[in-house]
Amino acid sequence: MIKFRRAFGLIIVGVFLLSACSASFSEQKSKIKKEVASTFESQPEKTNNSTKDIDYFLPAGVNVEKETPNNVLLKDGSKTYILFYNQHEKENSKVVYNSTVKQQKEWDANETFSKDGKFGYLLVKKLKEDHYQLIVGIGGVKLTTETENVREDAEAMMKIANSVKIK
């Protein structure tokens with residue numbers, strides 16, 4: 001009985017420690033914004049993929065699953081990303097951002113960035129406990145996914161969006 005109590009006590013302590021270590025989205029929000037802004041402002045990665053209309057960079061492990069006009073479906077393991085582009089919109093365009101913002105009544109994060117004639121954004125909407133819709137974009141380019149790890153995915157997605165070059 002004493003072993004059972006100790007084991008149960010250790011499990012309870014472990015659960016509290018683990019829950020204390022995982023920061024909520026609201027606690028991470030300012031850090032995520034800084035990281036995405038930094039990636040937005042950085043030099044674009046060298047492109048390593050292309051479609052009829054765009055050249056773009058994909059990180060290791062991310063593969064093209066399907067291409068359709070104005071969309072590229074990307075996979076990284078079980079995670080899916082949608083890369084949308086409007087080749088008629090420039091890097092400073094707010095058209096895609098404005099139409100995307102109107103799709104939700106409220107966003108848990110709605111951050112915008114501007115530098116050197118580029119307009120970028122980060123949108124996050126909580127879908128359910130620890131599960132979010134994440135959208136990042138620059139001008140006429142946007143990437144969308146559903147994720148539990150907003151911080152990691154937002155930075156990687158902005159890296160892709162920042163690399164897109166219209167042909």
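The protein has four helices and 10 strands, where helices (H or I, at least four residues) and strands (E, at least two) are DSSP runs numbered from the N terminus. Residues are numbered from 1 along each chain as its sequence is written. Because the model is predicted, local features need pLDDT of at least 70 and side-chain atom pairs count only at pLDDT 80 or more, while totals for chains, interfaces and linings use all residues; side-chain values use heavy atoms, with hydrogens and water left out.

**Overall picture**

- Starting at the N terminus, the elements follow the order α-α-β-β-β-β-β-α-β-β-β-β-α-β.
- Of the 167 residues in the protein, 37% are buried; buried means under 20% relative accessible area, exposed means over 50%, and partly exposed lies in between (1.4 Å probe, protein chains only).
- Among the contacts with a separation of 6 or more, 46% link residues 24 or more positions apart, a contact being heavy atoms within 4.5 Å.
- The accessible surface is about 10,200 Å², and carbon and sulfur atoms hold 51% of it; such areas come from the Shrake-Rupley method with a 1.4 Å probe, and for residues only the protein chains shown count as cover.

**The seven-stranded sheet**

- An open sheet of seven strands has the order E3-E4-E5-E9-E8-E7-E6, with antiparallel pairing; two strands pair if DSSP finds at least two bridges between them.
- Strand E3 (63-68) and strand E6 (109-115) are at the edges with a single partner strand each, so one side of each has no neighbour in the sheet.
- From one strand to the next, the twist averages 15°; axes are lines fitted to C-alpha atoms, for helices over the stretch in contact, and angles run from 0 to 180 degrees between N-to-C directions.
- Strand E8 (residues 131-138) and strand E9 (residues 141-147) run antiparallel and are joined by seven bridges.
- Within this pair, Leu134 sits opposite Thr145 in E9.

**Helices on the sheet**

- Helix H2 (residues 25-41) packs on the sheet and touches E6, strand E7 (118-128) and E8, with its direction at about 25° to that of E6.
- The 17 residues of H2 reach 23 Å from first C-alpha to last, close to the 24 Å expected at 1.5 Å a residue; the expected span is 1.5 Å times one less than the number of residues.
- H2 bends by about 30° at Lys31, the bend being the angle between axes fitted to the seven residues ending there and the seven starting there.
- Buried residues of H2 include Phe25, Ile32, Val36 and Phe40, and the buried residues of this helix pack against E6, E7, E8 and H4.
- Helix H4 (residues 150-163) lies across strand E4 (71-76), strand E5 (79-85), E6, E7, E8 and E9, and runs at about 25° to E8.
- The end C-alpha atoms of H4 are 20 Å apart, which agrees with the 20 Å that its 14 residues should span at 1.5 Å a residue.
- Val150, Met157, Met158 and Ile160 are among the buried residues of H4.

**The three-stranded sheet**

- A further open sheet has three strands in the order E1-E2-E10, and its pairing is antiparallel.
- Strand E1 (49-50) and strand E10 (165-166) stand at the edges with a single partner strand each, so one side of each lacks a neighbour in the sheet.
- Two bridges join E1 to strand E2 (residues 54-56), and Ser50 has Asp55 in E2 as its bridge partner.

**A residue to look up**

- Val95, in helix H3 (residues 95-101), is partly exposed, with a relative accessible area of 47%.
- Val95 and Gly139 are 44 residues apart in sequence, while their C-alpha atoms are 7.6 Å apart in space.
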